[in-house]
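Colleague: I am new to this structure and would like to learn how to read its features. Please take them in turn.

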Amino acid sequence: MRRYFVTTFGCQMNAHDSERIKGTLESIGFGEASSREEADVLVFNTCTIREKPDQRFAAHMGDAKVLKQANPDAIVAVGGCYAEAQRERLFELYPFVDVAFGPGTIPHLADWIGADGQGVARGSFGIAEERSFSATLPLQRERRFQAWVQVSMGCNSKCAYCIVPSVRGREVSRRPGEILAEVSRLAGEGVREITLLGQNVNSWGRDLLPDVRTEFGELLRACDAVDGIERIRFTSPHPKDFRDPVIAAMAESAAVCEHIHLPLQSGSSRLLKAMRRTYDAERYLRLVDRLRAAIPDLALGTDVIVGFPGETEADFAETLRVVEAVRYDSAFTFIYSPRRGTEAADLPDQVPDGVKHERLERLVEVVQRIAAERNAERIGRVEEVLVEGSSRTDAALLRGRTRRNTTANFAGDARPGELVDVLVQGSTSMTLRGRQAALVAA
Ligand code: SAM
Ligand code: SF4
């Protein structure tokens, strides 16, 4: 049997696309290799959101070149956002690449690679104009009880720093019937937790109007009604699209978890305007109040960028102020990275690297202190945990996630896929520690 090996970079959308890439290759007769050395088809599903993933990918291409020299029949396929951003230039940079494809052209992968890897059209590139959902492709899931469900592709926002709209195109929502059919099928296969995925997940449905009158809150309610689905998550929502019906649906749907990843990006209203985020700091804080009023015990995560062009010490102080005011349970912190072709890459007043790094350190310190305090507040409580496997740091313990999306390591005898109550006895800024109280459901 011919074998494939997929290497994935970047966000959850890419991880999910890789499940489709694997499923597609399996459907044309390939099996998964346990290492790149054993593979006949090497797929790299790339990211280009910042410079760092570009550099990591370049290092991997060094390895791929060596493998290709040793085995000239191996097929090297490069997909994802970096491939789309670089297009034909990719073949100049890496002449040993056989096939390149963007995130919207995974459905064509089987044609290019061909049954058993025969007849691969060398140097072919998936054209972005043909973008279509990969959601209808076969799927190879990592865990039997958790699944990602893509609800939309692309993004209509114009955030000045972001390359996503140019590599993933305009937003297109999947039709509700199709999404619900997938969710019901997954529930039938034993999936208990779903994560709805979209670049701007809560603007889902707007492009379906006037044919289908619906919005994201309706989708949450419909997923909640599917028997067997006990947890619903979604990522990433945009603060501008958190309208009342979405908040009400979250509050009233038992399966929707008490966790929202709510990207802030900056706490400075002046910079938010320059970023084209379409909200200011006060509106964001009011949204947090509305969310917390509707959903008691809500956990909030966020994304913050430091060093956006023109960011002054006063702007950065505003970011720290908002972070202190919201008290996030978790946060991804990023150094602004200019991306070719985005509006911000050409702005004057790029912030020097040293200043960016120094601000990042200060931000991380605040984020970690608050997260540690938030987690310490959980000690003594009982949290429902979906068991994922053994603890990564101590094999004698189990690991899972609470509804509020915190990793919990705990003593117990449950199996992966079970929901159990865990008494929280200790915490760090990233994790909880405890012991299993009782089985909630087998
Ligand atoms: N669509 C999602 C959203 O809007 O939240 C995800 C976008 S991106 C995959 C995840 C995060 O990367 C963004 O929220 C932003 O904080 C960060 N990011 C995007 N472009 C960036 C850039 N040029 N430099 C640094 N961070 C960036
Ligand atoms: Fe990028 Fe903004 Fe769209 Fe998120 S909402 S993908 S940050 S353009």
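Modeller: A nonpolar core is a set of buried Ala, Val, Leu, Ile, Met, Phe, Trp, Tyr and Cys residues joined through side-chain atoms within 4.5 Å. Buried means under 20% relative accessible area, exposed over 50%, and partly exposed in between, with a 1.4 Å probe and protein chains only. This is a predicted model, in which local features need pLDDT of at least 70 and side-chain atom pairs count only at pLDDT 80 or more, while totals for chains, interfaces and linings use all residues. Residues are numbered from 1 along each chain as its sequence is written, chains are lettered from A and ligands numbered from 1 in the order in which they are written, and side-chain values use heavy atoms, leaving out hydrogens and water.

Colleague: Which residues of the largest nonpolar core touch the most other members?

Modeller: In general, nonpolar side chains of soluble globular proteins tend to be buried together. Here the largest core has 68 residues, and I194, L196, L220 and F242 touch the most other members. Its largest share, six residues, comes from helix α11 (residues 281–294); helices (H or I, at least four residues) and strands (E, at least two) are DSSP runs numbered from the N terminus. A second, separate core has 20 residues, including A39, F44, M61 and Y94.

Colleague: Which residues come nearest to ligand 1?

Modeller: A residue is near a molecule if one of its heavy atoms lies within 4 Å of it. Ligand 1 has 14 residues around it, of which Y161, Q199, Q265, D303 and S337 come nearest. Strands β13 (299–306) and β14 (330–335) each supply at least two residues of this shell.

Colleague: What lies 2.6 Å from an oxygen atom of ligand 1?

Modeller: A polar contact is a pair of N or O atoms within 3.5 Å. A polar side-chain atom of D303 is 2.6 Å from an oxygen atom of ligand 1. For Q265, an N or O atom of the side chain is 2.7 Å from an oxygen atom of the ligand.

Colleague: Where is R327, and what is its phi?

Modeller: R327 lies in the loop between α12 (313–326) and β14. Its phi is positive, about 60°, although R327 is not a glycine. R327 counts as partly exposed because its relative accessibility is 24%.

Colleague: Which residues does the cis peptide bond with omega of about -5° join?

Modeller: That bond joins L209 and P210. P210 is in the loop between β10 (193–197) and α8 (216–224).

Key:
A polar contact is a pair of N or O atoms within 3.5 Å; within protein, one must be able to donate a hydrogen and the other to accept it, and residues adjacent in sequence count only if both atoms are side-chain atoms.
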